[in-house]
Each structure stands twice: as C-alpha cells, then as structure tokens.
Amino acid sequence: MDRKYITLKNLIIDKEKCIGLKFFSDKVVQAMVDNLPAIQWSEKFRMNYILNTPENLELIFKTFRGVAWINCNHFYAKASFGREEEPVNIQQLQNREEVSGRRYCPGSYLKKLELKRYADSTIKTYVSCFETFINHYSDREIKDLNEEDIRLYLQKLIREDFSHSYINQAINAIKFYYEVVLEMPNRFYAIERPRPIEQLPKVLAKEEIMAIIEHTNNIKHRCIVSLLYSAGLRRIELLNLKLEDIDSKRMVIKVRSGKGNKDRFTILSEKLLGDLRKYYKEWRPTNFLFEGPGRKAYSPESVSCIVRNAAEKAKIKKRVTPHMLRHSFATHLLENGTDLRYIQVLLGHRSTKTTEIYTHVATNIFLKIKNPLD
C-alpha cells in the first residue's frame, strides 16, 4: 500500500497567514484537497494553500483522517536560538484547547507520568506517541484494544518507515497505559520489538575538536563546547549545571539528575577552569552556569546550534552534534589508556557493557595490528 502523507507549511501570501499543503502527486489526495473550501494554488511556493485559521486546520485533520498522514514538523513553532525550553506542565497538558474529533491522553495517564517524576522529554514523547496511537483507533474504546490491535498499529509504523527508536517509544508509551496506569503488569509482554540496530558511536579526532573550540563565537560558546567534550556531558546535563556544581578545589563537576535521575561526578579540565573564570567575569550568571533570556537555562536547540555553527566554521565535513563530543571524550580516554571502569563512572553508565562499545572505535587497538598489505 502506497504511503500517503501531507506536509503542512506556514506561508505568508498577500500579507495573510496561510497553511501550505505539500504532497507527492496522488489523484485521491489531490481530489480531496481540491474540495477544501477556498483552496488555492501558489505558483511561487508550488503548493496548494488555504487561510490559516483554527477552523481550517481542524478541517484538514478531519478531511484526511484515515487517508493521509499529516506531517506538522514544519508547521508548529520550535524553540528559537537562545530561548529557554519551558518545562512540561501537566496542568497545561490537561487544560489544552481540544480540537473536535481528536482524542487526548486520559487524565489518569498524565497524573501517573507526574507521580512517576518522568523527565520532561519523556513526558512529551509518551503523550505524543500514545495520542497518535489512540487516534488511529478513534472509533474504539481504549480499554478494549488488544495485542493484535497493537501489532497491527506497529506494523503500520514499520510500513510507513518510522525509525526503530520511534517504534520503541510508541511501544513504551502504549505499555505505560495498560501496564502502569491500568495496573496490569506485563499485559503486553509478548509484543515484539524491532531488532536493535547496533550502530557504532560517531567520534571526532582530537584535532577536529580543538578546531571546533577555536571557531566558537565568544567565551561563553567556547566554554559550552569545551565542557561537553572535556567532561563527557550529555546536552541536558550541561544545561542543568549550576554555579555551585563547579568544584575548583577538588577539580570535579557535579552532574545532577543525569540519565535515570542519577547524580555523579566527572572531571574538570584545568585549561577549561581558566576559561570558565573569564566567562564568569564577563557574563555574571546568577543561577545556571549558562543562562538564556530571563536568567533561565539555555535551550537544547541553542547548544546544538552553537556546536553545529562552530564545526561549519572549522570546515568539519561531517554533521557534528553535542553528543558526538561525549562519544569523543570516552574514546580519547580509552585511547590514552584510561581503565574502562573509570570511563563508565565518568559517563554515568549503569553497566560496563554500555561503555564497551568504545573499544570498537578506539584506534589504539587497530594501530597495534600490522596490516597484511604493509
């Protein structure tokens, strides 16, 4: 079965906000688009468009429900550079303005997420995945859905080429409702998960990382990139750092509520400490080590943008992300002879098996092997 989907775009046409509808040529979809009221064609944008009103947006979802997937990734606003990310407020989710015909997470689901103290990113993911699932079965009672219904839904995701990661998140969100909210442990124990793809971490050479640091815009950006690499921090761990977490006496950094809500300590670079002192004198943060507007924490998108821009200026060909700096930290420590157990502690891994993946990318092991061609 051919996959049909429509991507919504924000357009400004004749000084009015419009919804652009972009899709691959399809007679069925085109006929339905043509039947939308006051639909027009833009030669400039090469797509159909309709005035951007709540009524028209609701009509689009209603018209194509069950026919085409509506992709809103390019439609709804994302956090802009330098803007803090608002924490998830369960009450806001409960009081959302509802669109007619759309189903929303039951209050018991949201309450359980709050009581379990799940991370904001996890709450967003679970709510999004579960609401997509229950809207797929909009004509069925949620409690009546069974294993076969879930399998059929997962089969649909696979056919529509969703990632392994997304499918696993969908399974977790669905299981959370039936097994945690409804308190039916292991009800869907037999649900198959996609076979994991064993991908090696992407690592940069030390020279590349030094070049990225040198091409940052200012001392603040320099400290952000340097900390990600020299302390092996995850992006969210960097954003949560507070002034008191930098211990210059013991030369350690306290990482609060890392993955799995675990605290840990990691190492503080002497070279970086000098830069942090310069940064503090110039920027004077008051609470978080790195603050955006309103003295609140930076947004994750800001950090990604800083790393990406510095890498482009340094003429690094590959796409560089903040997490690549963490992978590089672990790999370079291993190449320098640091014991794997110490690296595990610094990274906050629960098991050494997670840390062992870096043995597959550390080049010092390969350098000891004589190539048969040489």
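This is a predicted model: local features need pLDDT of at least 70, side-chain atom pairs count only at pLDDT 80 or more; totals for chains, interfaces and linings use all residues.
**Entry 1**

I then asked which residues of α9 meet α12. On the α9 side I found H221, I224, V225 and L228, and on the α12 side V303, I306 and V307.

**Entry 2: the whole chain**

Along its principal axes, the C-alpha trace spans about 65 × 55 × 55 Å. The chain has 374 residues, and 43% of them are buried. I also looked at contacts between residues at least 6 apart in sequence: 61% of these join residues at least 24 apart.

**Entry 3: domains**

I checked how the chain is divided. The domain assignment gives domain 1 at 5–71, domain 2 at 90–95 + 102–181, and domain 3 at 206–366. Taken over C-alpha atoms, the centres of domain 1 and domain 2 are 27 Å apart.

Next I turned to the UniProt record. An unreviewed entry there lists "domain: Core-binding (CB)" at residues 104–182. In the model I found that span to be 72% helix and 0% strand, with its end C-alpha atoms 17 Å apart. The record also places "domain: Tyr recombinase", again from an unreviewed entry, at residues 199–371. Over residues 199–371 I read 49% helix and 6% strand, and the end C-alpha atoms are 25 Å apart.

**Entry 4: helix α5**

Which residues of α5 are buried? I listed I123, Y126, V127, C129, F130, E131, T132, F133, I134 and N135. And what do these buried residues pack against? I found one strand, β5 (69–71), along with the helices α3 (90–94), α4 (107–115), α6 (147–159) and α7 (164–181).

I followed up on α6. The axes of α5 and α6 come within 11 Å and cross at roughly 110°. That makes α5 roughly perpendicular to α6. Where they meet, I saw C129, T132, F133 and H136 from α5, with I150, Y153 and K156 from α6.

**Entry 5: α4 and α7**

The axes of α4 and α7 come within 10 Å and cross at roughly 90°. That makes α4 roughly perpendicular to α7. In α4 the residues S108, Y109, K112 and L113 take part, and they meet A173, F176, Y177, V180 and V181 in α7.

**Entry 6: R103 and its contacts**

I found R103 in the loop between α3 and α4. I left aside neighbours within four places in sequence and asked what R103 is in contact with. The list is E131, I134, N135, Y137, S138, D139, R140, E141 and I142.

**Entry 7: L59**

L59 sits in helix α2, residues 54–64. Is L59 buried or partly exposed? Buried needs a relative accessible area under 20%, and exposed needs over 50%. L59 has 27%, so I wrote it down as partly exposed. Beyond its neighbours within four places in sequence, L59 is in contact with L36 and P37. L59 and I209 are 150 residues apart in sequence, and I read 49 Å between their C-alpha atoms.

**Entry 8: two positive phi angles**

I ended with some backbone angles. R46 has a positive phi of about 55°, although it is not a glycine. I located R46 in the loop between β3 (40–42) and β4 (47–51).

K315 is not a glycine either, and its phi is positive at about 60°. I found K315 in the loop between α12 (300–313) and α13 (322–335). K315 has 67% relative accessibility, so it counts as exposed.

Terms used: Residues are numbered from 1 along each chain as its sequence is written. Side-chain values use heavy atoms; hydrogens and water are left out. Buried means under 20% relative accessible area, exposed over 50%, partly exposed in between (1.4 Å probe, protein chains only). Helices (H or I, at least four residues) and strands (E, at least two) are DSSP runs, numbered from the N terminus. Contact means heavy atoms within 4.5 Å. UniProt positions are given in the numbering used here, feature names are shortened, and annotations may be inferred rather than shown by experiment. Domain bounds come from an automatic or database domain assignment. Axes are lines fitted to C-alpha atoms, for helices over the stretch in contact, and angles run from 0 to 180 degrees between N-to-C directions. Angles under 35 degrees count as roughly parallel, over 145 as roughly antiparallel, 65 to 115 as roughly perpendicular and the rest as oblique.
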